[in-house]
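Biologist: I would like to learn how to read the features of a model like this one. Could we go through it together?

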Amino acid sequence: MNWVGRRLPRTEDPPLLRGEGRYVADIAIGAKVVRFLRSPVASGRIATLRPPALPPGTVFASGADLAGVKPIRPALRRFDYKAVEQPVLPLDRVHFVGQPIALVAAESAELAEDLVEQIELEIEAEDPAVGLEAALAPGAPQVHAVAPGNVILEGAIRPEGFAAAMGAAAHVVEFAFRSHRVNATPLEGRGGCAEYDRATGRVRLAASCQMPHMLRSGICDLLGLPEADLQVIAPDVGGGFGQKMALFPEYPALVWLARAYRGRFAWIEDRNENLTASAHSRDQKHVLRAGFDAEGRILALEADILADVGAFSCYPVTSGVEPLMALAEYPGPYRLPAYAVRARGVLTHTCPMAPYRGVSRPVITFGIERLMDRAAAATGLDPVEIRRRNLHAEFPAKSPTGFVLDAASYIEALDEAARHLDIPGFRTAQAAARREGRHLGLGIAVFNERTGYGTPAFAARSMEIVPGYEVVDIAMTPTGEVEARIGSSPHGQGLRTTLAQIIADRLGVEPAAIRIIHGDTDRTPYGWGTFASRSLVIGGGACQVAADKLAAKLKRAASRLLQCGEEQVTLRDGEAVSGTGASVALKEVARIAHQRSELVSDSVGFNLAESGSYDPPGTFSNACHACIVEVEAATGAVRILRYLVVEDAGRIINPMIADGQVRGGIAQGIANALLEEIVYAPDGNCLSGTLADYIPPTCAEIPAIEIHHLETISPATLTGAKGLGEGGTIGAPAAVCNAISDALSSFGVDVTEFPATPPRVRALIRGAMIRGKA
Amino acid sequence: MTKREVRFTVNGEARAVLVEPRRTLGDTLREDCGLTGTHLGCEHGVCGACTVMVDGQPVRSCLMFGVQAEGAEIRTVEGLAAADGTLNPLQRAFWENHGLQCGYCTPGFLMLATWLLERGEPFGEEEMRHVLSSNLCRCTGYQGILDSVRQAARELGQWTESAPG
């Protein structure tokens, strides 16, 4: 029976559908409720901080109480990175609106919130640096003394001969564009519940997080705790999308409280805290200049990248994650002979940046795909043709920044998308609509997505903490079920189902006999959690290695019982079968291995446990997104008429789950293109504090998405699978905005700022009309 | 602050709880009735994760105080499956159509769709989208949710291919 490749319903679902999931807020019931006092100003000195009158059983704590706790100090081993420190609770200064200053714990949320309001706080406000332009202006307020000019990181590449390569161009295309700030907005916000166990002196922290082992390491470093004295659990987690990777100051504060007061303390953030004080992303400005030859082949690309990283650096990936990813991955799936780039991370007095699904790739894909359309116009080529001329067609290929691109289907995906679109038919419809005063547009985005990358890739980023590998401990119980303990930490991705499918095929058992154990530092091997489209590739590869080792052990034990050579034993349908057809149930093998070990122990030892690890170099999935929109010229409103994607993520383990990842990512990408924006006032106040101001899409805004699969089996991964968790968010902003630009082509304007909200689109049209009249 | 007693039924079971007047129905169900299947996503009435049925109508339980539920018949996600855990047709449709990923918004969508399926007027694509656009999901891109509700409506004889004008 082949389980890989089947649309197996998820084992995760039935309890969630019955309302029987256990999220942090469910675990936290009955704990003391913690609420934080947060800074109302962007920059300033704390002049007065006095606790309210505290009723019995309540706690107040501020930076003075946490004096022994080290600041969060993420670091890169790069001379051009400035390591800034974030105090868990500050002693003297605040750096952004929403920064936690003090906390109160009480029996109820009502009482805790009342007491927070009674804290006496005076801050001597100072001028903040808000926004890229303000932070880089001469004489700008300095966010941290350690980073003069507010540049926390600067990376650059400029190969010899670059100017000559650019100089040979027949066409030079140059433009600047702006990606505005967004919030990942998992529907469950952050939260934690820390409980001190008086019997053992340990603390158990349940937290809505993506990297439980990393969170434990981070907290223990700050508090000076042995890791063995802290258990971190990621229970059911209501979405993360990268935001829940970071070590936020609230978590060490909870563990500190649990230890200091030998009790149980919980903080469940509200939506306002999540929107304004968790983490933001994608606040970037790029300037691109590219040279093309007369046939539309790109000769040289120069990129200047600015990323607003907010007031602090995020642990463990640091605020280098956005600018450095943009720097390294700009060329994407294209053959690019010469590439020069400068990328800077810029500190501002705003909420810190953290990874969000896709990280910088939605932004660079917008850039390079807008570039391709502009170059198509400049060279008189069709947008499909210019892409086809520039995409990699031979593999393995090497990128200008040294990546090895494994086998992929860049051109095939583009052609497949073009075929489904019927572009000539669309152009006819577009022309007819224009005669009626309607503006239709078609946009394409081609990209690759670096996924499943292990330790070497992270080490190359010079991270002080280098993630990458995964370890899986696997064992068969005496009653014959398989337990696989994984370091990955799924939160909606369905890994309990897909990893079981992989293991089931290796052991010849049903997925129902397999339990995937995750999200608990006491019960799983050290690992890196779930992010960066890595878990199915790396965790799945480690599952395969571990399962193969267990299979070998089962065959050895069975060969004793079947009295044949172990090479003659195959595992299928829950049995071990010899060459002659004699068989023994694996449940029986398992029972004997544990409880009648004298029969087999000389060949397999005393249990059926193995460990597998995997640390791949990385693989690139790819896709082509295509979108047809209608723009209402009078209002600037955009309606998506059709959205299709041709996706190649190598071997698909579960097509239903793969499609779910694609669709969910595209919905977030469409939101990024059209709707969502975190807005700051010039004084540093965040204006997007509710879901009425920050507007994720509903099912009224997200169209049906057509998905077509190609399956280029990856030679670079054990399972042949490539990651695909982020691709939807990566392609959609470019595809949607290119479609808007195509719709606006008769006005002679295009989209260089997103989200392309109705006011922005309307401003483009109005500007064109005014210029037309002048 | 003074607490007040409030009596209502949840999933057919009579309850009497003592709550502060400012406590929302959502918190009352979760904290005072132990029914944590109802999730709070925004607590300001936008996301719909906390949707429950009160006297036959879908209600955002974060926008109603517990004390306002005096005498009400409340239904929550915990009341949908059979006592032995067997999923009802709507829950089963969500399972079969990948109508959920992280599961956090799911109880709200289930209760909203339950109202749609039980109100006794067949509905079509446009009305389904209109009603379900009340709630937010951050994982699925909605297609799995729409597919699920459509399948359940067909199975329960509540689907019409063209929505009534």
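Predicted model: local features only at pLDDT ≥ 70, side-chain atom pairs only at ≥ 80, totals over all residues.

Biologist: How much area is buried between chain B and chain A?

Modeller: The size of an interface is often given as the accessible area lost when the parts come together. Here, chain B and chain A bury about 4,100 Å² between them, and carbon and sulfur atoms give 59% of that. On the side of chain B, the most area is lost to chain A by Trp95(B), His98(B) and Arg138(B), which together make up 21% of what that side buries.

Biologist: How many residues does each chain bring to the contact?

Modeller: Chain A brings 52 residues and chain B 45 residues.

Biologist: And how many salt bridges cross the interface?

Modeller: The rule finds four between chain B and chain A. In one salt bridge, the side chain of Arg22(B) meets that of Asp114(A), at 2.8 Å from N to O. As for elements, H2(B) gives the most to the side of chain B that touches chain A, namely four residues. By class, that side has 19 nonpolar, 16 polar and ten charged residues.

Biologist: Now the sheet: in what order do the three strands of chain A lie?

Modeller: Strands of a sheet pair through backbone hydrogen bonds, either parallel or antiparallel. In chain A, the open sheet runs E4-E2-E6 with antiparallel pairing. Strands E4 (93-94) and E6 (120-125) are its edges, each pairing on one side only. Strand E2 (residues 44-50) pairs with E4(A) over two bridges, and Gly44(A) has Val94(A) of E4(A) as its bridge partner.

Methods. Residues numbered from 1 in each chain as written. Chains lettered and ligands numbered in written order. Heavy atoms only, no water. Pairing = 2+ DSSP bridges. Contact = heavy atoms within 4.5 Å. Buried area = accessible area lost by both parts, 1.4 Å probe. Nonpolar A, V, L, I, M, F, W, Y, C, P; charged D, E, K, R; others polar.
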